[in-house]
Amino acid sequence: MRHPQYRANMSSLDAASSKVMRLGEFLEGSRTRLRLVELSDCGPRYLSWLRDPEVNRYLETRWQLQTEESIRSFVEAMQADPWSYLFCIIDRQDGRHVGNVKLGPVSPRHLCADVSYFIGERSCWGRGLASEAIGLATDFGFRFLGLNRVQAGVYGSNLGSVKALERNGFRAEGCWRRQLRSGQEWEDHLWFGLLREEWQAWQAAVRRLEPA
Ligand SMILES: CC(C)(COP(=O)(O)OP(=O)(O)OC[C@H]1O[C@@H](n2cnc3c(N)ncnc32)[C@H](O)[C@@H]1OP(=O)(O)O)[C@@H](O)C(=O)NCCC(=O)NCCS
């Protein structure tokens, strides 16, 4: 994986110098690549994803009417925030932007961060893209930001999301019963976490399973 020159110890970073990954640099996987979202990505396709009820069913963005302007404002805020990394997920099959994964907010004091994601192109669901993108963003957090922990919250019925986290070694840590509303239903809010040493052990185990 190619990467920018990150200093490993986040505690020595100040906010202004932490976001040194320049636009156009990639985190590379076999199915996907990640790069920071740019304003030029905020077009009708991105908007159509956030307005698609099947895609936004589990996204908090659904509570506000999304427009190209609201998406641009969000991306501008992410670009200005030194503690959030909003990546495009690029499908390596055809080079298209198919969704996003966000690492952040990063806590520079506690060295932890949330990860959140969606694949907006429904035709791409089930191809392992989210699993890989979560892994790339998580690896970026541990290896280049020096994080100790990455965490994610999931609606209880979102089985694809749960599986994508579990495929990266995330462990279920808690459940807030009926904390979330989805349509007319109440949903449990599941909380997953992954520690740095668990990620290293997971990566080593995956490497052992790979054909030589
Ligand atoms: C949830 C989501 C991110 C999964 O993305 P994806 O690229 O299809 O996921 P993957 O292909 O990596 O699949 C991961 C696993 O989940 C399974 N899976 C995917 N969608 C599923 C579904 N709807 N129901 C059950 N299992 C599902 C896959 O078969 C795979 O299982 P495996 O590990 O046994 O092979 C995608 O459906 C999505 O963006 N949904 C809308 C937004 C959203 O829910 N975001 C997450 C908020 S927490």
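This briefing covers the fold, the core and the ligand surroundings of one protein model. The model is predicted. The protein has seven helices and eight strands, and 31% of its 212 residues count as buried. Among contacts with a separation of 6 or more, 58% are between residues 24 or more positions apart.

**The sheet**

- The eight strands make an open sheet with mixed pairing, in the order E1-E2-E3-E4-E5-E6-E8-E7.
- E1 and strand E7 (171-182) are the edge strands; each has a single partner strand, so one side of each is left without a neighbour in the sheet.
- Strand E1 (residues 27-28) runs antiparallel to E2, and two bridges join them.
- Three residues lie between E1 and E2, and the two strands form a hairpin.
- Within this pairing, Glu-28 stands opposite Arg-33 in E2.
- Strand E2 (residues 32-36) is mostly covered, with four of its five residues buried.
- E2 is also joined to strand E3 (residues 85-91), by five bridges in the antiparallel sense.
- Leu-34 stands opposite Ile-89 in E3.
- Strand E4 (residues 96-107) pairs with E5 over seven bridges, and this pairing is antiparallel too.
- One of the residue pairs here is Leu-103 with its bridge partner Val-115 in E5.

**The nonpolar core**

- In soluble globular proteins, nonpolar side chains tend to be buried together.
- The largest nonpolar core in this model holds 49 residues, and Phe-87, Ile-89, Ala-133 and Ala-137 have the most contacts inside it.
- H5 gives the largest share of this core, eight residues.
- Leaving aside neighbours within four places in sequence, Ile-89 is in contact with Thr-32, Leu-34, Val-98, Gly-99, Asn-100, Val-101, Ile-119, Leu-129 and Ala-133.

**Helix H5**

- H5 has 15 residues, and 13 of them are buried, which leaves the helix mostly covered.
- From first C-alpha to last, H5 reaches 21 Å, close to the 21 Å expected at 1.5 Å a residue.

**Phe-192**

- Phe-192 is found in strand E8 (residues 185-195).
- Phe-192 has 21 other C-beta atoms within 10 Å; the cut-off for buried is 20 or more, so Phe-192 counts as buried.
- Not counting residues up to four places away in sequence, Phe-192 touches Gln-151, Ala-152, Val-154, Leu-165, Phe-170, Arg-171, Ala-172 and Glu-173.
- Asp-114 is 78 residues from Phe-192 along the chain, and their C-alpha atoms are separated by 9.8 Å.

**The ligand surroundings**

- The ligand is surrounded by 22 residues, and the closest are Trp-125, Ala-130, Ser-131, Gly-160 and Lys-163.
- H6 provides the largest share of the shell, five residues.
- By type, the shell residues divide into twelve nonpolar, seven polar and three charged.

Technical notes. Residues numbered from 1 in each chain as written. Predicted model: local features only at pLDDT ≥ 70, side-chain atom pairs only at ≥ 80, totals over all residues. Near = placed C-beta within 6 Å. Nonpolar A, V, L, I, M, F, W, Y, C, P; charged D, E, K, R; others polar. Buried ≥ 20, exposed ≤ 12 C-beta atoms within 10 Å, placed from the backbone. Pairing = 2+ DSSP bridges. Expected span 1.5 Å × (residues − 1). Contact = placed C-beta atoms within 7 Å. Core = buried A, V, L, I, M, F, W, Y, C linked by C-beta atoms within 7 Å.
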